[in-house]
Amino acid sequence: MSDTGQQSLNQHPLIQRAVVTLPGGVNSPVRSFAAVGSDPLVAAHGRGAYLFDVNGKKYIDFVQSWGALIFGHAYPPIIEAANRAISNGTSFGLLTEGEVELAERIVEMVPSVEKVRLVNSGTEATMTAVRLSRGFTNRDLIVKFEGCYHGHSDALLASAGSGVATLGLAGSAGVPKGSVADTVVLPYNDEEAVEQLFLSDGELIAAVIVEPVAANMGLIPPAEGFLETLRRVTSQHGALLIFDEVITGFRLGRGGAQDKFNVMPDLTTLGKVLGGGFPIAALGGRAEIMDALAPLGPVYQAGTLAGNPVAVAAAIAVLDNLDPAVYTMLEGRVSLLANELEPIFEEAGLPVAIQTCGTLMSIFFKDAPPSDYRTAKACDACAYKTFFIEMLDRGVLLPPSPMESMFVSVAHERDELEKMIDSAHSAAIAAARIASSTN
Ligand code: PLP
């Protein structure tokens with residue numbers, strides 16, 4: 001490794017092959033590790049908290065497929081359910097019993113959801129939520145918040161977090177001006193800006209879409225009263241409130257962020273944890289709104305593989321194993337990590353703010369915790385990069401971008417947490433040394 005924290009490894013032959021046939025060598029931008037100046041990690045297999053790369057090196061994995069794996073890798077009940085389902089056929093493109101069962105479980109667990117539409121990705125869920133809001137209200141304007149990432153549909157690719165923020169893209173090429181002309185972007189946690197916008201344009205707004213706990217610009221919890229304000233002003237003006245719970249759904253608790261903060265949206269998008277690593281996501285909400293979807297209503301949405309029986313079986317296994325005790329345990333582990341890591345950075349002389357919200361956490365290299373995208377971007381990305389590389393060297397995989405949150409799973413037991421903390425100790429000292437030599 002060089003002093004800049006840049007890995008100068010000979011590229012693995014698979015990466016050399018990958019760049020020939022896959023743009024950038026990957027199928028999703030953050031996997032390139034460009035934000036941390038490293039070669040991509042090539043995964044071979046995973047077990048519990050551990051991920052093994054193609055060289056056989058073992059990592060304690062805090063990415064966990066970007067939050068999809070709340071039980072860790074290859075959790076037996078999920079694998080068994082998927083295996084049972086797959087032997088009956090991989091797809092029918094017809095209604096199956098599993099879809100009804102899964103929808104019933106989601107309705108039972110997520111307080112504001114009365115009806116569900118299953119889709120294949122979070123992007124599809126949020127894209128459909130936007131179209132449904134516009135179709136239901138007969139209005140065009142959508143309000144989103146800077147640094148919140150809602151997938152890659154055109155209308156939502158304005159000032160997005162996650163990979164868009166990581167790679168420093170303003171949005172995306174190829175998004176026509178017209179597609180974002182009806183998207184208004186406000187700063188996260190800025191109640192005043194929301195009130196003002198509704199005062200001037202309230203009757204034009206179809207919906208406000210928000211990550212109720214922002215997790216794609218690092219982790220930024222909602223300021224006290226922020227979600228309540230969104231609920232109040234949208235209701236007052238006949239606009240819908242969409243909670244994008246693709247990360248927070250089944251992650252912050254069985255009922256997601258809406259249950260934790262007791263603020264009920266009109267529509268909810270779910271993904272990640274729901275599928276236990278299988279490609280499935282969902283849009284749910286009040287029956288009156290959901291019934292505006294085809295075939296009952298005028299808002300079109302469809303999918304050849306929607307409600308895929310293997311993914312559905314896996315999702316049912318996930319939800320059936322989400323005992324309330326899971327969340328108590330994960331919250332305990334997250335606070336233990338935060339409490340143990342803070343003095344380590346302090347001792348190393350690296351200013352950090354460790355932000356947590358229930359079972360979610362992230363490390364910002366900045367002395368004060370950020371509250372929005374502007375303050376999140378002001379964090380020291382170089383320090384994160386160096387710390388990331390030092391941790392990777394020691395067999396700990398953190399999110400390969402300062403803009404992503406860390407994911408602790410049920411499989412991260414005492415041993416893994418202790419190893420992580422031990423590694424952080426020497427990695428923080430090494431990172432501080434590199435920082436002072438390059439300043
Ligand atoms: N919404 C949120 C909050 C997300 O974090 C993501 C993905 O990271 C998405 C939507 C898009 O989901 P997918 O990557 O499954 O399309």
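Q: Which residues are around the ligand?
A: S121, G122, T123, Y149, H150, G151, E211, N216, D244, V246, I247 and K272, where near means a heavy atom within 4 Å. This is a predicted model, where local features need pLDDT of at least 70, side-chain atom pairs count only at pLDDT 80 or more, and totals for chains, interfaces and linings use all residues. Residues are numbered from 1 along each chain as its sequence is written, and side-chain values use heavy atoms, leaving out hydrogens and water.

Q: How does that shell divide into nonpolar, polar and charged?
A: Three nonpolar, six polar and three charged. Ala, Val, Leu, Ile, Met, Phe, Trp, Tyr, Cys and Pro count as nonpolar, Asp, Glu, Lys and Arg as charged, and the others, Gly among them, as polar.

Q: What does the side chain of N216 do with the ligand?
A: One of its polar atoms sits 3.0 Å from a ligand oxygen. That's a polar contact, meaning a pair of N or O atoms within 3.5 Å.

Q: And how much of the ligand does the protein cover?
A: 82% of the 380 Å² of accessible area the ligand has on its own, by Shrake-Rupley with a 1.4 Å probe.

Q: What about backbone atoms?
A: A polar one of G122 is 2.9 Å from a ligand oxygen, and one of Y149 is 3.4 Å from a ligand nitrogen.

Q: Switching to helices: at what angle do α8 and α9 pack?
A: About 5°, with axes 10 Å apart, for α8 (191-201) and α9 (226-236). Axes are lines fitted to C-alpha atoms over the stretch in contact, with angles from 0 to 180 degrees between N-to-C directions. Helices are DSSP runs (H or I, at least four residues) and strands are E runs of at least two, numbered from the N terminus.

Q: Parallel or antiparallel, then?
A: Roughly parallel, therefore, as angles under 35 degrees count that way.

Key:
A polar contact is a pair of N or O atoms within 3.5 Å; within protein, one must be able to donate a hydrogen and the other to accept it, and residues adjacent in sequence count only if both atoms are side-chain atoms. Angles under 35 degrees count as roughly parallel, over 145 as roughly antiparallel, 65 to 115 as roughly perpendicular and the rest as oblique.
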